[in-house]
Amino acid sequence: MKIRLSIIAGIILAFSLASCSSAEKMAQMAQNISVTCEPPVLEAIAENIDAVLTVTYPENYFNPNAILTVTPVLVYEGGEAKMRPLVYQGEKVKDNYKAVSSKGQTVKERVHFDFVEGMETARLELRGVASLGNKTYTLPVKKVADGTNTTYMLVDKSGFISLKEDNYQEVLHQTAEGQIKYAVNSSDVSAKELNSPSIQNFQQALQAIKDDDRMKVTGTKIIAYASPEGGEKLNTKLSKARSETADKAWDKVMKDSGAADPEVSSMGQDWEGFQALVAQSDIEDKDLILRVLNMYSDPAVRENEIKNMSEIYLSLKNSILPELRRARFIADVEYQNYTNDELLKLVDENLDILDEEAILRVASVAKGTSKKIDLYQTAIDKFDSDRARFNLGVVNLEAGKTAAAKRAFKSVKNVDADVENALGIIEMQDGNLDEATRHFKKANNALSTANQGIVDILQGNYSSAAKNLKDAPGCCFNKTLAYILDGDIDTAKKSAMCKSERVAYLKAIIAARQGDAEGVADNLQKATKVPVLARRAETDIEFAQYR
C-alpha cells in the first residue's frame, strides 16, 4: 500500500512540475510568436483607432491544457487605454474561449480604441498571461505598432459660406428728358415749343450734369412718334418727318450745352404709349376701352375704333392723344455713387442718409467685427433686412461666436439654401455630423457640397470627400487634404497651389509620402513659422523617418 501511495504521489508531483514548466515555457517562448498589425502605423479615423492583428503561434507552442490571456494596451502621453482581454485556450481546455492548436495556428483580431488627445505618440502593446492549473506566468510585453497618424485632424472645419450680396449700385444709370409737342398731322415745331417748360427743364438738367463731377452724359437721342388714331402708313411718314424737324430743333436749343449730336429715330404710331396713358388716366371706363381695343389685331380697325371712342370720351381726344404727338429729347446719364471710402465716412457723419443697400455694402467693407455687427444690426432695425440677419450670422460665425451666429441664422425669415448651409456648418462644428449632412442636403448647392466634403473627412469617407471638395471655392487646403487621405498623392500635389503655411504643411506630408526629404525640409521650414504647426511637426508620424 505504501508503495502504491508513493507512486501516485510521484505521478501527481511530476504532473504538477510538468504543468508549471509548460506555462513557464509558453512565457519563455513568447518571442517566437509572430504578430503583425494592419495598418503598420496606427491611424485615427473619425476619432477611432482601429487595426487588425495577425498572430501566428508556432508549432508546439500552445500547451493543450493552457489558457492565454492577452490584453491590447495603447500607451500614450497621459495614460493608457486597455481593451477587453482576448482569451485563448488549448485544445483540451473545456471552456468557451477561442481554441489554439498545439500544432501551430494563425488568428486574427480586431482592436479598437477611442482617440483621445495624446495618442498621436501612442504605442500598441500586447500584454499576455499564460496559466495552467493554478500557476500563471506573465509574458514579455510585445510592442506591435508605434505612433498614430492623425493627418485627418488637420481638416479646416470653418466651412464654406459667403455673405448675401448687396444691390448697391456704384454707378447709377439715369436719364434726363424733354419733349416738344406737335399739332395734329403736323411736323412743324412752333417757337412756343422751343421755349416750353419741358425743354427749359431739360436744358437746366444738362447744365446741372455738366456742373456735377459725379455725373456725365453718356449718350443722347431723339425719338419721334405719331398718335395712333391716323392710318399706319400716314403715321409712319409723319413720325419720320417729326424726327427730322426735332433734330433741327435740337441744334437750336442745345447749341450752347456742349451735348453730343443725338441718335435720331422714329417709332411710327405710339400704341404702347396710348395704352399706358389710358391706364394711368382717371377715365371711368378706361379698362373697358383698353379691353375693346385689344380685341383688334388689325391696326387699321383699331385706329378707326380710337377715332370713334375719341368722340365719346373727350379725354381721349383732348388729353391722351395730344400727348402722343411728340418728339422726346433724351440724355443718358451716369451718376457715380458714393465710393466705399465715402460710405465709411458717412457712417460716422450721416448714417441716416444711407439706404439698405448702402448699409449692406459698407458693412461688408468695414474693418473690425464689432463695426460690422453694429452696421448689420442697423440694417435690421431700420429696414427689417433679412440679408442683414444672415450676414450678421456669417460675421459672428467667422469670429467664433457660434451661439450668436446660430441665433442670427434662426432669425432669418426667408429660410433658403444659404441659411440651410449655414446651419449645417454650425452643426458640423458642434460635432453633430448627421444633422450637418441633413442641412447640407437641403441646401443642395456648391457651398453645401464642399461642406459635405468636410463632413466626409471627419467621418473617414475619404473618397467621397475628394469628390465633394473637387470644386470647392477659395483655399485649396481641404481639397488637398482629401486627396492625401484618399491616397491620391499625385492629384494632391497638383492641388496644393495655394500659398499659406497650412498648405505648406500638407506639401511636406506629400513630400514625405513620396520619399522627398528635401521637399519635407523646405515645406516644413515654411509651415513651422506657425507655432501650432511647429509643435505638431515635432511628433507627427508622417515625418518620423525625417527627424
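Trainee: How far apart are the mean positions of the positive and negative charges of the chain?
Mentor: This is a predicted model, where local features need pLDDT of at least 70, side-chain atom pairs count only at pLDDT 80 or more, and totals for chains, interfaces and linings use all residues. Residues are numbered from 1 along each chain as its sequence is written, and side-chain values use heavy atoms, with hydrogens and water left out. Lys and Arg count as positive, Asp and Glu as negative, while His and the chain ends are not counted; each charge is placed at NZ of Lys, CZ of Arg, CG of Asp or CD of Glu. For the 69 positive and 79 negative charges, the mean positions are separated by 8 Å.

Trainee: What is the mean pLDDT of the chain?
Mentor: pLDDT is the predictor's confidence in each residue, from 0 to 100. In this chain 96% of residues reach 70 or more. The mean is 91.

Trainee: What share of the residues is buried?
Mentor: Buried means under 20% relative accessible area, exposed over 50%, and partly exposed in between (1.4 Å probe, protein chains only). The chain has 547 residues. The buried share is 44%.

Trainee: Is Leu132 buried or exposed?
Mentor: Leu132 lies in strand 9, residues 123–132. Its C-alpha is 68 Å from that of Ser162, 30 residues away along the chain. With a relative accessible area of 7%, Leu132 is buried.

Trainee: Where is Ile180 found?
Mentor: Ile180 has a relative accessible area of 1%, so it is buried. Beyond four places in sequence, it touches residues including Val189, Ala246 and Phe329. Glu323 is 143 residues away in sequence, yet the two C-alpha atoms are 9.7 Å apart. Ile180 is found in strand 13.

Trainee: What is the relative accessible area of Met83?
Mentor: Met83 is in the loop between strand 5 (79–82) and strand 6 (86–89). Among the residues it touches, beyond four places in sequence, are Thr71, Arg110 and Phe113. Met83 is buried, at 16%.

Trainee: Which residue does a cis peptide bond join to Glu38?
Mentor: Omega of this bond is about 5 degrees. The partner is Pro39.

Trainee: What is phi of Asn185?
Mentor: Asn185 is in the loop between strand 13 (171–181) and helix 2 (191–194). With a relative accessible area of 55%, Asn185 is exposed. Its phi is positive, in a residue other than glycine, and near 60 degrees.

Trainee: What is phi of Asn444?
Mentor: Asn444 is in the loop between helix 15 (433–443) and helix 16 (446–459). Asn444 is exposed, with a relative accessible area of 63%. Although Asn444 is not a glycine, its phi is positive, at about 50 degrees.

How values were computed: Helices (H or I, at least four residues) and strands (E, at least two) are DSSP runs, numbered from the N terminus. Contact means heavy atoms within 4.5 Å.
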